Amino acid sequence: MDTLAPDQTRADAHENEAELTRQHAREQWSLLSLVIPALLTIAFVVLLPVSWLFYLSFTGDDGGFSLENYQRMVEYKSYYRIFITTFQVSILTTLICIALGYPLSFFLAQLPPRWAGFFMLAVLLPFWTSLLVRTYAWLVLLQRQGLLNELAMHIGFWSEPVKLVHKMTGTLIGMAHIMLPFLVLPLYSAMSKIDKDMMHAASNLGANPVRAFWSVYFPLSLPGMVAGSLIVFILCLGFYVTPAVLGGGRVIMVSNQITAILENQFDWGAASALGVVLLVATILILYLAARFFKFDAALFGRN
Amino acid sequence: MKDTEHTSTALPIRIRDLTKRYGQMYALKSVDLDVHSGEFLTLLGPSGSGKTTLLMAIAGFNRPDSGSIRFGDKEVILTPPHKRDVGMVFQSYALFPHMTVAQNIAFPLKLRGVSVAERAGRVEEALETVQLSGLGDRNIDQLSGGQRQRVALARAFVFGPRILLMDEPLSALDKKLRERMQIELKHLHRKLGVTTVYVTHDQREALTMSDRIAVINHGELVQLDTPEVIYNRPASAFVADFIGESTMLPLTRQGGNSVFLYDQKIGTVEGPGTDWTLVVRPERLFFAGKQDQSDDTKVIMTGILQETVFQGESEMALVGIADDTELAVRFGTGAQSDGTKAQVGQQVAIVFHRDDAIIIPGHGLT
C-alpha cells in the first residue's frame, strides 16, 4: 500500500486546524451580517426618532430643560380623563377579544389541521383588508340608518334607532373586530400544542369534562392567552384610526390627543411628553406581565 | 364522590361483538375477548391493527359502533371515561406539566375527595412503589424519560383501580431501560394484582411480560393464548411471521392425512385443505451430526451454505435448500458452539426435531 510518511500527515493535520477555525469564524460572521440591515433600520427609524421625542418632551418654550410638559399632564384634568379612556378602551377590547377568541381558538384546535387551516383563513381574511376600510364599513353598518339598526327594528328588538357609533360601543365593536386575530393566532398555536392525551388522562383519572377543562386545559392554554392578550392590549393603547372614526370625537385616546395637540397647537413638546408616558406605561405593563406569567415562555409558545 | 379503597380486588373484562368502523374500514370487527381477573394480557399487533382502538374503547375514549364491554357484571360501554375507574398509562405519559410530581399523582385522589392528609400518605406510598421517593416536589420537565414513566405509572394505580390499561408505555425508552422496566412492570403487576391490558407492537415485550397474548390483525382477534403456545404453536402464518423469526416452507399432502416436505414425511394434519405450510424457527435448526442420520425423531435437509452473519451473541447461517428457498439457522458463537466449519458454497446438512415442526394451514403469507 502507498502510505505517506506519518510525520508529514501530522503536519498537514495541524495546518488544517487553523483553516477549520477560520472557516467557522467566517460562517458566524456571514450569519451575523444578515441582521445588519434590520439593526440599521431600527436604529434610524425607531431609536433615533424616539430619542428625539424624548428630548423634545423635556424641552420648554424657551428651548431649555423643563418639566412643564409633564406638569401640565398632572395639572389638567382632561389629560387624566384621556389616560383613563385609553386604558378603559384597551382593557375592554382585550376582554371582548378573550370572550370571543377563546372559544373560537378552542374550536379551531379541535379540528383536523386541514379544516383548521380553512377556518383560520376566515379569521385572517379581515387582516388583508385595509384598516380604514374595515373601520368605515363598521360606521356604515352601525349608524342610525345602518344595517344593524334596520334589521333590529324590522325583527322588533327595538323600535327607535339606537345610537351605536360616535360613542364607546361602536369604538369597542370596531377595535375588537380588528384585534381578534392578534389574540386568536398565539392562542390557537398554544392550544394546538396541547397533547390530546392530556384531556384523556384527566378524564381517565376521574375528572368530568368541566373539571378537566379548568384543571388541565385552561392552565395549559394560559400562556398563549396571556401572550395574545398582551399583544392586543398594547396595540390598543396606541390605537388611532378606529377611535377617531367610530368614536366621533367622544372617545379620545392618547393617540387622538397627540394628533389634536399637533394639529391645533403645534406643540411638539406636549405631544412628545404624551408619547413618552404611553411608552413608559407600556414597558411597565410588559415588565409586570413578564414577572407574573413567565412571558418569554408564552411568546415562544412553550407549554 | 366515593372513596375507592386501596385494597380493591381485580375485575375481569368481558368484551363481546365489539365493532368500530372508520368509514368503510373496520378498526374492530366484532371482537370477543375475555380478560381474566388479575391477569396480564397483552394486545399485540402491527400498527393499524386495531389494538390501540380496542384499548381506547375499554378506556372509553372512542365510541364503538356496537358491542358490549363489561367490567365484572357492569356494562360500561355507555359509561363516560371519567366514571369508568380504570387506571391508564399513556404512550406520551400525558403528565400534567403545570403540576409537580406529587400533584400529578394526587390528582385522581383529589377528584375522589380523599382528604389532604391521606392524599399525602398515598402519594408517598405510590412514589415508593415506583422507586421515586423524595422526588414529589420536582417539576415534570426536571425528570428523565424513565422517571416520567414511573410517575405516569404511579398516577395510574394510586387511586386503586381494579383495571389497569397501558398503551405502549415503554416505547419512548431506550433498549436497556425498556428491558429493565419490563421486569419492574411485571413485579408491580404481581404486587398490585390488578387486571392489566397492555398494548404493544413489540413481540419480544409481549412474550416477556404477558400471562396471555391476544394477537390482533386487521381489527380481528387472530389468536389468544399463553406466550409459549403463541410462539411454539402459532395458529396462522401471520402469527408465525409476526412473532419470532421463521422460515416457511410449502408442504404437500399425500395419501390422506400425511404432509411431506419434498419427499420426507413431516407429520399428519386434520381437516380439509390441500395446502399446508411448515414453519421452522432458526434457533430450532441445527447442523446435522453423524448420530442424527439414524434418528427417527429428526428431519434432515441438505443445502448449500450461502452466507454466515455474525450478530454478537449468535450467528446466522443462510442455507439454500432449493431454488429460491433459504433456511435461516441460528447458532451460538461461544467456545462450545455447535456451529459449522463449512465454507460458503459448500454442502451442509440441516436437522430439526419433528416436535419443533409447526404445521399451519394455507399457503404461508401469500
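Where in chain B is the place of B:E168? B:E168 sits in the loop that runs between β7 (163-167) and α5 (175-192) of chain B. The model described here is predicted.

## Loop residues with positive phi

Phi of B:E168 is near 40 degrees, a positive value in a residue other than glycine. Most residues other than glycine have a negative phi. B:E168 counts as partly exposed, because it has 19 C-beta neighbours inside 10 Å and a buried residue needs 20 or more.

B:Y93 also has a positive phi, near 75 degrees, and is likewise a residue other than glycine. Its loop lies between β6 (87-89) and α2 of chain B. Is B:Y93 buried or exposed? B:Y93 is buried, because 23 other C-beta atoms lie within 10 Å.

## Chain B overall

Chain B has eight helices and 20 strands. Its C-alpha atoms fill a box of roughly 75 × 50 × 35 Å along the principal axes. Of the 366 residues in chain B, 37% are buried.

## Two domains in chain B

Chain B is divided into domain 1 (13-238) and domain 2 (245-361). The C-alpha centres of these two domains of chain B lie 39 Å apart. How many residues of domain 1 of chain B are in contact with domain 2 of chain B? Four residues of domain 1 are in contact with five residues of domain 2. On the domain 1 side, the residues that touch domain 2 are two nonpolar, one polar and one charged.

## Nonpolar cores

The largest nonpolar core has 105 residues. Those with the most contacts inside this core are B:L55, B:I58, B:I105, B:A154, B:F157 and B:L165. The core draws at least three residues from each of domain 1 (13-238) and domain 2 (245-361) of chain B.

B:I58 belongs to the largest core. Leaving aside residues up to four places away in sequence, B:I58 touches B:I13, B:I69, B:L165 and B:V197. One of these partners, B:L165, is also listed among the core residues with the most contacts.

## Helix α1 of chain B and B:M56

B:M56 lies in helix α1 (residues 51-59) of chain B. B:M56 is buried, because 21 other C-beta atoms lie within 10 Å. Which residues does B:M56 touch, not counting those up to four places away in sequence? They are B:F61 and B:N62.

B:M56 and B:T340 are 284 residues apart in sequence and 50 Å apart in space, C-alpha to C-alpha.

## Helix α2 of chain B

α2(B) is mostly covered, with eight of its 11 residues buried. The buried residues are B:V101, B:A102, B:N104, B:I105, B:A106, B:F107, B:P108 and B:L109. What do the buried residues of α2(B) pack against? They pack against α3 (116-129) and α4 (145-157) of chain B. B:I105 is also named among the residues with the most contacts in the largest nonpolar core. After α2(B) comes B:G113, and its phi is positive, near 70 degrees.

## The interface of chains A and B

In the contact between the chains, 16 residues of chain B meet 16 residues of chain A. Helix α2 (residues 101-111) of chain B supplies the largest share of the chain B side, three residues. That side divides into 12 nonpolar residues, three polar and one charged.

## Helix α8 of chain A

Helix α8 (residues 168-192) of chain A has 25 residues. From its first C-alpha to its last it reaches 34 Å, close to the 36 Å expected at 1.5 Å a residue. Where does the kink in α8(A) lie? The kink, of about 40 degrees, is at A:M179, shortly before the proline A:P181.

Because 19 of its 25 residues are buried, α8(A) is largely enclosed by the rest of the structure.

Technical notes
Residues are numbered from 1 along each chain as its sequence is written. Chains are lettered from A and ligands numbered from 1 in the order in which they are written. This is a predicted model: local features need pLDDT of at least 70, side-chain atom pairs count only at pLDDT 80 or more; totals for chains, interfaces and linings use all residues. Two residues are in contact if their C-beta atoms, placed from the backbone, lie within 7 Å. Helices (H or I, at least four residues) and strands (E, at least two) are DSSP runs, numbered from the N terminus. Ala, Val, Leu, Ile, Met, Phe, Trp, Tyr, Cys and Pro count as nonpolar, Asp, Glu, Lys and Arg as charged, and the others, Gly among them, as polar. A residue is buried if 20 or more other C-beta atoms lie within 10 Å of its own, exposed if 12 or fewer, and partly exposed in between; C-beta atoms are placed from the backbone. Domain bounds come from an automatic or database domain assignment. A nonpolar core is a set of buried Ala, Val, Leu, Ile, Met, Phe, Trp, Tyr and Cys residues joined through C-beta atoms within 7 Å. The expected span of a helix is 1.5 Å times one less than its number of residues. The bend at a residue is the angle between axes fitted to the seven residues ending there and the seven starting there.
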